[in-house]
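Look at the model, then work through the answers.

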Amino acid sequence: MYFLNYQVAVRVRPMLDTSDVACVQVSQSGNAILLDEGTSGSRNKFRRYVYDHVFNETSQEMVYQKTTAALVRDVLNGFSAAVFAYGATGSG
């Protein structure tokens, strides 16, 4: 018998230029992002996306500790695990 546990986590990367206006906000619940999909130059047209975990401008080390470190220990104890990480090149 296999036990499958899928979780999706998102990290909102800190902005490099603080003078830019952010188009992504983390919801107060901490499990969703609000993406401003303003069209034709307009703003404040938000779309909500829900995930298991949303990290708001935190370090990669914190993301690793909260999402993957336990899986590494499990693999060393003989269990199977997979981690799929995706991001634009140079995104952190």
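**Sheet, loops and surface**

The model is predicted. In it, 3 strands form an open sheet with antiparallel pairing, in the order S2-S3-S4.

Q: Which strands stand at the edges of the sheet?
A: The sheet is open, and its order is S2-S3-S4. An edge strand has a single partner strand, so one side of it is left without a neighbour in the sheet. That applies to strand S2 (24-26) and strand S4 (46-50).

Q: What is the average twist from one strand to the next?
A: The strands in question are those of the antiparallel sheet S2-S3-S4. From one strand to the next, the twist averages 25°.

Q: Is Ser-27 buried or exposed?
A: Ser-27 sits in the loop between S2 and S3. Buried means under 20% relative accessible area. Ser-27 has a relative accessible area of 12%, so this residue is buried.

Q: With which side chain does the side chain of Ser-27 make a polar contact?
A: Start in the loop between S2 and S3, where Ser-27 has its place. The contact is between two side chains, at 2.9 Å. The partner of Ser-27 is Ser-29.

Q: What is the phi of Glu-57 near?
A: Glu-57 lies in the loop between strand S5 (53-56) and helix H1 (60-67). With a relative accessible area of 46%, Glu-57 is partly exposed. Its phi is positive, in a residue other than glycine, and is near 50°.

Q: How is Leu-76 classed, buried or exposed?
A: Leu-76 lies in helix H2, residues 69-76. Together with Tyr-64 and Val-72, Leu-76 makes a nonpolar surface patch of about 300 Å². The cut-off for the exposed class is over 50% relative accessible area. Leu-76 has 71% relative accessibility and therefore counts as exposed.

Q: What distance separates the C-alpha atoms of Tyr-6 and Ala-82?
A: Tyr-6 is in the segment before strand S1 (9-12). At 67% relative accessibility, Tyr-6 counts as exposed. Tyr-6 and Ala-82 are 76 residues apart along the chain. Their C-alpha atoms are separated by 9.7 Å.

Definitions and conventions
Residues numbered from 1 in each chain as written. Predicted model: local features only at pLDDT ≥ 70, side-chain atom pairs only at ≥ 80, totals over all residues. Heavy atoms only, no water. Patch = residues over 30% accessible without salt bridge, like charges linked within 9 Å, V, L, I, M, F, W, Y side chains within 5 Å. Areas by Shrake-Rupley, 256 points an atom, 1.4 Å probe, with all protein chains shown as cover. Salt bridge = Lys/Arg side-chain N within 4 Å of Asp/Glu carboxyl O. Helix = DSSP H or I, 4+ residues; strand = E, 2+ residues; numbered from the N terminus. Buried < 20%, exposed > 50% of the residue type's maximum accessible area, 1.4 Å probe, protein only. Pairing = 2+ DSSP bridges. Axes fitted to C-alpha atoms, helices over the stretch in contact; angles between N-to-C directions. Polar contact = N/O pair within 3.5 Å; in protein donor to acceptor, adjacent residues only side chain to side chain.
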